[in-house]
Amino acid sequence: MHIDGNDYRDNHLKALRSDLRQVTEAGFRILPLRGVVDAWLEGRGGELQGKVVALACENGADFDYRDLPHPGAGTQRSVFNILRDFAAERPGAQELLNVTSFVIASPEARALLDATCMVGKGWWTDDWWKAAAASGLLHIANHSWDYNHETLPDAFAQGGARGTFVNVDSDRLADHEIRRAADYLRSRVPNPGTALFAYPYGQANEFLTREYFPRHAAALGIRAAFTMRPGFLETACGQWEIPRFLFGRDWSSPEELRSILDAAAFGKGAWVAVSKPEAVAPRKRVSRLEASLAHPSSGKVHSGLVAAQFEISVPEALDRAEFELVLKSDSIALERRIPIRVVNGSASTPLVVHSHLLPEGVTRFTATLLQDGAGAVWSDSFEVQASNVGGLADAVRASLRAKSTPVASEGLVDSSDYDMANPELAAWFDRPDALERLTAMRRSGAVDAAEEGPLRQFITEGYAILPVAVDDDLLGTIGRELDDAVERKIEGYEYGSSQRIHNLHVQYPGARALWKHPAVMRYLELIFGVPARACQSLTYIFGSQQGPHQDTIHLTPFPAGHMCGVWVALEDVRPGAGELEIYAGSHRLPRVYIKGSGCDKVTDGDWSRFENTVAARWREMLATRRFDKVVYRPTRGTVLIWHENLMHAGGLRRDPSLSRRSIVSHYFADGAIAFYDSTGVPGHLEDARESFARR
């Protein structure tokens, strides 16, 4: 279905025609995928000796069987007819020529997907399946009932998120997606392909591979399942998680396909022991090399930094071998080459993509691992859906371009990567004329009288106590959620400790409602001048007793100033409970970043050096400047917002029996970059989808 033109790179059908010739000329036999699976599972490895390829295509649109008049690229020869043309062009060259078409079974889903994923011309039918299977050139295989596709209406939802197959983790969900499709295919088009399953999005999970398929495979009539993990079929592969190479991700040119075929040819004796000529010096086998790329979900809309993590482990024979990771994106002409140095059998490399430098919408990236002397040994791909529009995002984008910031880079994120000191990028409330700007906002009606006071306090003192409180019903719900979290000992919580619990909003609806409370979001938008993006939440049952600190180094915004903390009292705070302590006006102190602090980034969880350098510097700054220390004892439901650079602390718990139930959340301005300068990792912002919808 991928047809963006008529060249090899942007037209899968044109590429198939070329690849059939190249595979054949390289001496490979094309076998039906079902035949390969049967020989493998039944111990008939001799049938797989030599150079063997099996071909498959995805989703089962009519382009598999019918020539169709593509509206942009003209009439396209179908997969079926490309196979017929090749058979006529090269008689006898591939006697078992075949492509397995993994199809979406549901007629209703296909009809809807035809409108949302193609051009709405009714080109996703199943009336050709029987004829295709009867020809022997195409097998029809199982690609799920409805793909759990994100564009389908709510009526198709079976529970949980769509746009992913990872959450198909129960018999009920698996039966809906796999068994229902298997039954439909067996009744509609009985053929060898029905014994094969390909995971939507290539996403297997342990429930499916370790429980569902082993228990139900016989009843399903399914013999093997395919992921999208790149790799060769070898004797050690898991029956329910077989790898495969994908066009567009693992190769997008004949030269790149040649590298894969060369690597496959080198391993052609993996099934049956055969002697190799002594004159041929074999390259090191990489079959036990394991690599992975943890990358973002394709369903999330990103604004700011996008994090990925490349991991590799190798057998002893390959330790200290030379590798290179190539990150590419054809749509933005990106090719970044990253040396990978394996020591003691493994290596780990963080990767960062600046989505501000991507076009609006979806950009596809391909990562390929090259081994010196062996070519491509691994590949993966991912998509980034970016939404970075508005004045702040435009200013960030211009700054990144002026600094020649790469779209993608490796290593830890650092404040020195950005033009932090640029006064033109300062937040309005950090500028000398902030109070005059506030007065103008009041006159224009942008803020009302009730809002002006807290904003004035925020400008002058670095924090604001809102004139609105969280309602009792929501506080009661959150109180019950906290009781449950304590009882369950979430994150190993021990009652009575100063331990904080991370991100309860992910598990409890009340905590999430508070995380996105309308009054809080309204004041944050007034402060930022753009909508706020929630980052994280921290829940306290008792006081934190944390020393004086700025959030700047931990939750770092670019441009500076575009992050705020929000503190909500879930009960009346009593004297001796370890009250929040605020140093009014301290937000005007210099910002402290890791660079120049005398401390390295904390990547191993040991904060002792940080305490002796950065925290000591904070204490010194407070000692040389006098600020009024406000001991904050709010009533239940009170909301406080503070500036990212405000010095604040958790007081001593003079009465350990007193709780101090509270939730702290942190928010960044939509369009800003969020990262953790202390550790060097990107910030985890909420999905930008809501901000995109608001615009």
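Analyst: For accessibility, buried means under 20% relative accessible area, exposed over 50%, and partly exposed in between, with a 1.4 Å probe and protein chains only. This is a predicted model, in which local features need pLDDT of at least 70 and side-chain atom pairs count only at pLDDT 80 or more, while totals for chains, interfaces and linings use all residues. Residues are numbered from 1 along each chain as its sequence is written, and side-chain values use heavy atoms, with hydrogens and water left out.

User: Is Asp183 buried, partly exposed or exposed?

Analyst: The relative accessibility of Asp183 is 39%. This value lies between the limits of under 20% for buried and over 50% for exposed. Asp183 is therefore classed as partly exposed.

User: Which residue forms a salt bridge with Asp183?

Analyst: A salt bridge is a side-chain nitrogen of Lys or Arg within 4 Å of a carboxyl oxygen of Asp or Glu. With closest N and O atoms 2.7 Å apart, the residue is Arg186.

User: What is the N to O distance in the salt bridge of Asp175 and Arg179?

Analyst: Asp175 and Arg179 are 4 residues apart in helix H6 (residues 171–188), which means a separation of about one helical turn. Asp175 is partly exposed at 26%, and Arg179 is partly exposed at 22%. Their side chains meet at an N to O distance of 3.0 Å.

User: How many salt bridges does the structure hold?

Analyst: Another pair is Glu494 and Lys489, with closest N and O atoms 3.8 Å apart. Arg17, Asp67, Arg77 and Asp85 are linked in a network of salt bridges. For the structure, the total is 46.

User: How many residues of strand E6 are buried?

Analyst: In a regular strand, side chains alternate between the two faces of the sheet. On one side of E6, Val99, Ser101 and Val103 are buried, and on the other Thr100 and Phe102 are buried. For strand E6 (residues 99–103), the count is 5 of 5.

User: Which residue in E7 is the bridge partner of Ser101?

Analyst: Two strands pair if DSSP finds at least two bridges between them. E6 runs parallel to strand E7 (residues 138–142), with 5 bridges joining them. E6 also pairs in the parallel sense with strand E3 (residues 55–59) over 5 bridges, where Leu55 has Val99 as its partner. In E7, the partner of Ser101 is Ile140.

Key. Helix = DSSP H or I, 4+ residues; strand = E, 2+ residues; numbered from the N terminus.
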